[in-house]
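Me: Hi! I've got a model open and would like to talk it through with you. Can we go feature by feature?

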Amino acid sequence: WGAPAALGMFALTGTLVGLGLSRTLLLVQLFMNGSNIAFDIWFAGGLGWGAEGIALGTALAEWGSFILTLLVTMRALRLRQKSARTDSNNVVSAGAFFHWQRVFDVRKIRHMMSANTDIMIRTLLLVFGFAWFTNQGAEFGDSILASNHVLLQLVSFSAFFLDGYAFVVEALVGSALGARELQRFDQAVRISSQLAALTALILAATILFAGPQFIRLLTDIESVQAAALHTLPLAALYVLCAFPAFQLDGIFIGTTRTKPMRNASALSLLIFLSTCWPMTHWWGNTGLWWSFIVYVLARALSLGLYFPGLRHCVRLPV
């Protein structure tokens, strides 16, 4: 019963990101998680409803958050429309809140579906790449498999920080593309990338120097700790090398140039698979991590090949 609200939240979250309302999005997420915790404690612990109470609490939190986010989003869009009406240069300056002719524009619906399909394929390829990495690690035994999982937790934690810059650049480059302002586009790419690079450097240094403490917090198995400490520098290097791929993903999603993303994901996955076998054959789990680093660099380089064409699109008239 909570699924419709959860799916609706995906659309509303994307809308808030696109509008650049990241602070509003944070408050909405805090409300959703906070209400979920409160309902779960009340129903499961206070009323003694157990797992059914947790399920009900989660569904109520999802629906409550969906309704709140919908109202917040509609208010933001109404304010945006009101601002547009005062702009004499804006061609969509009048009319009802929902421009049904634009909502059911067949050409734009096809473009949206095509973009979603490309992103889905790209995501499936990424998931396959990470699954392949995990599967290959399992070939070296349980301790190596567990140590790789521990290190991937550090990588995933770092990804939350880098994703933040990618979300910001999505909104900024999308706005610059719509206005056909190449200077604003370049400025958004340059500043966000510089901040992402600095953050990646700090995260990599944190993993390198504080990683042993994190590993001990995540596992008390000595063999797993030893294996994780051995490949910890490579995990730090992966995080440092990952930020260009995150940034370029955000840039191409923000400009809805999804076919290059799909093609780059396929090419980088082929590079990963072709380098993984010889590297793991020669150097074991260390070689697996090196091939993983090659993979994230290949993602960035393959997307970088399409970047000059993307800048050219920004200069074109509407």
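Me: Which residues line the second largest pocket?
Reply: In this predicted model, the second largest pocket is lined by Q153, L154, F157, S158, L203, T206, I207, F214, L217 and L218.

Me: How much space lies in the second largest pocket?
Reply: About 160 Å³.

Me: What lines the largest cavity?
Reply: Its lining consists of R122, L126, D249, M261, A264, S265, R299 and L303. By class, that is four nonpolar, one polar and three charged residues.

Me: Let's do aromatics. How many aromatic pairs does the structure hold?
Reply: There are 16 aromatic pairs. Take F272 and F292 as one example: their ring centres are 6.0 Å apart and the planes meet at 50°, so this pair counts as tilted.

Me: Why is a 50° pair called tilted?
Reply: Planes under 30 degrees apart would count as stacked and those over 60 as edge-to-face, so the angle of 50° between F272 and F292 falls in the remaining class.

Me: Are those two buried or exposed?
Reply: F272 is buried, because its relative accessibility is 0% and the cut-off for buried is under 20%. F292 also counts as buried, at 0% relative accessibility.

Me: How is F272 arranged with Y295, then?
Reply: F272 and Y295 form a stacked pair, with 4.7 Å from centre to centre and 15° between the planes. Y295 is buried, as is F272.

Me: Which residues make up the aromatic cluster with F272?
Reply: The cluster is formed by F130, F133, Y238, F272, W289, F292 and Y295.

Me: New topic: N36. Where does N36 sit?
Reply: N36 is in helix 2, which covers residues 22-46.

Me: What does the side chain of N36 make a polar contact with?
Reply: The partner is the side chain of T58, at 3.3 Å. Setting aside neighbours within four places in sequence, N36 is in contact with G57, T58 and A61.

Me: Let's zoom out. How many helices and strands are in the chain?
Reply: The chain has 10 helices and zero strands, so to speak an α-α-α-α-α-α-α-α-α-α run from the N terminus on.

Me: What does the C-alpha trace span along its principal axes?
Reply: It spans about 65 × 60 × 35 Å.

Me: And what percentage of the residues is buried?
Reply: Buried residues make up 39% of the 318 in the chain.

Me: Last one, on contacts between residues at least 6 apart in sequence. What share joins residues at least 24 apart?
Reply: Among those contacts in the chain, 73% do.

Key. Residues numbered from 1 in each chain as written. Predicted model: local features only at pLDDT ≥ 70, side-chain atom pairs only at ≥ 80, totals over all residues. Heavy atoms only, no water. Phe/Tyr/Trp six-rings, centres within 6.5 Å; stacked < 30°, edge-to-face > 60°. Buried < 20%, exposed > 50% of the residue type's maximum accessible area, 1.4 Å probe, protein only. Helix = DSSP H or I, 4+ residues; strand = E, 2+ residues; numbered from the N terminus. Polar contact = N/O pair within 3.5 Å; in protein donor to acceptor, adjacent residues only side chain to side chain. Contact = heavy atoms within 4.5 Å. 1 Å grid on protein atoms, 1.4 Å probe; cavity = no way out; pocket = protein on both sides within 12 Å on 5 of 7 lines; lining within 4 Å. Points joined across faces, edges and corners; volume = space filled by probe spheres on them. Nonpolar A, V, L, I, M, F, W, Y, C, P; charged D, E, K, R; others polar.
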